[in-house]
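Open the model in your viewer and keep the selection panel at hand. Each stop below says what to pick and what is there.

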Amino acid sequence: MNRFVIARNIAISAAVVFSFSVARAADDLPKADTVLDKYVEVTGGKAAYEKHHSETSKGTLEIASQGIKGSITSYRAEPNKSYSETELGGFGKIREGSDGTTFWALSAMTGPHIKDGAEKVQAQLSAMNSELHWRDLFKDVKTTGVDTVNGKECYKLQVTPADSSPMEQCYDKISGLMVKQSMTVESPYGPQSITTFAGDYRKEDGVLVPHQIKSSVAGQDIVVTIDSVTYNADIPPGTFALPDEIKALVKK
């Protein structure tokens, strides 16, 4: 689930409209905790996740309608440190991160920004190995029905983080993989409704990782392609340190 959130944070993103809900009687549906636990198992299992203490990923971002392309580099480390940097041609860098306590964003267009409240809660969903800790991240989970996504039936879940609005997630009935997520994201521009689709799952050091994430927000379709994922590699010193602009906000 964290990779959906990372793509959202990097691009404030989400992809192509698609599917229709089909109502089902509650007793025909699996419990939400069963679906979420199955996702952990089919993507590699608890032991495989627990071997990973840090992650480095690189990829590209494209907004085809605007002719915009960019590169993305992202770092994560236990328990909740992160840093991502997106280069968007003439738009400069978009940076986001956390030193484990302060969650922040910084770009030439928005300036420095500290995430708080629901925005901070949503950022914490991208923590390292958050898939394993969904019981700590969500105060309520329930299965609400069935969707059809890209021609395949999926179980539709409503998951609610503490102090944040509910999210909708869809898991393929056969593979158990999460293929869609819809949510309202708090941002410097106000609430943004985002729907995200994931595909091209590939195994990286024992864990299945989506390598293509398509998102749609504010009328823009954004595609994030993951080119490489490396676990437990050395991360450059100071990667998770707060930028000076963020430090200045913290002191206020």
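Start by selecting Lys115 and Glu96: they form a salt bridge, with 2.5 Å between the closest N and O atoms. A salt bridge here is a side-chain nitrogen of Lys or Arg within 4 Å of a carboxyl oxygen of Asp or Glu. The pair links distant parts of the chain, Lys115 in strand β7 (residues 111-115) and Glu96 in strand β5, 19 residues apart. Helices (H or I, at least four residues) and strands (E, at least two) are DSSP runs, numbered from the N terminus. Lys115 is buried, at 8% relative accessible area. Glu96 counts as buried too, at 11%. Buried means under 20% relative accessible area, exposed means over 50%, and partly exposed lies in between (1.4 Å probe, protein chains only).

A word on the model before moving on. It is predicted: local features need pLDDT of at least 70, side-chain atom pairs count only at pLDDT 80 or more, and totals for chains, interfaces and linings use all residues. Residues are numbered from 1 along each chain as its sequence is written, and side-chain values use heavy atoms, with hydrogens and water left out.

The structure holds 11 salt bridges. Pick Glu85 and Lys93 next. Their closest N and O atoms are 3.6 Å apart, in a salt bridge. Lys93 is partly exposed, with a relative accessible area of 40%.

Now go to Lys173 and Glu153. This salt bridge has its closest N and O atoms 2.8 Å apart. Lys173 lies in the loop between β10 and β11 (178-185) and Glu153 in strand β9 (residues 152-161), so the pair ties together parts that are 20 residues apart in sequence. Lys173 is partly exposed at 22% relative accessibility. Glu153 is partly exposed as well, at 33%. Then select Asp147, Lys156, Glu168 and Lys180 together: salt bridges that share partners join them into one network.

**Aromatic pairs**

How many aromatic pairs are there? The count comes to two. Rings of Phe, Tyr and Trp (its six-membered ring) pair if their centres lie within 6.5 Å; planes under 30 degrees apart count as stacked, over 60 as edge-to-face and the rest as tilted.

Select Tyr39 and Tyr171. The pair is edge-to-face, 5.7 Å centre to centre, with 75° between the planes. Tyr39 sits in helix α2 (residues 32-42) and Tyr171 in strand β10 (residues 167-172), so placed 132 residues apart, and the pair links distant parts of the chain. Tyr39 is buried at 4% relative accessibility. Tyr171 is buried at 1%.

Switch to Tyr83 and Trp104. Their ring centres are 6.2 Å apart and their planes at 40°, so the pair is tilted. Tyr83 lies in strand β4 and Trp104 in strand β6 (residues 103-107), so the pair ties together parts that are 21 residues apart in sequence. Tyr83 and Trp104 are buried.

Select Thr196 in strand β12 (residues 192-204). Is Thr196 buried or exposed? Thr196 is buried, with a relative accessible area of 2%. The Thr196 side chain makes a polar contact with the side chain of Ser215, at 3.5 Å. A polar contact is a pair of N or O atoms within 3.5 Å; within protein, one must be able to donate a hydrogen and the other to accept it, and residues adjacent in sequence count only if both atoms are side-chain atoms.

**Last stop: the surface**

Select Phe91, Met109 and Tyr189. They form a nonpolar patch on the surface, with about 390 Å² of accessible area together. Patches are made of residues with over 30% relative accessible area and no salt bridge: like charges are joined within 9 Å, nonpolar side chains (Val, Leu, Ile, Met, Phe, Trp, Tyr) within 5 Å. Accessible areas come from the Shrake-Rupley method with a 1.4 Å probe; for residues, only the protein chains shown count as cover. Phe91 is in the loop between β4 (81-87) and β5 (93-99). Phe91 counts as partly exposed, at 43% relative accessibility.
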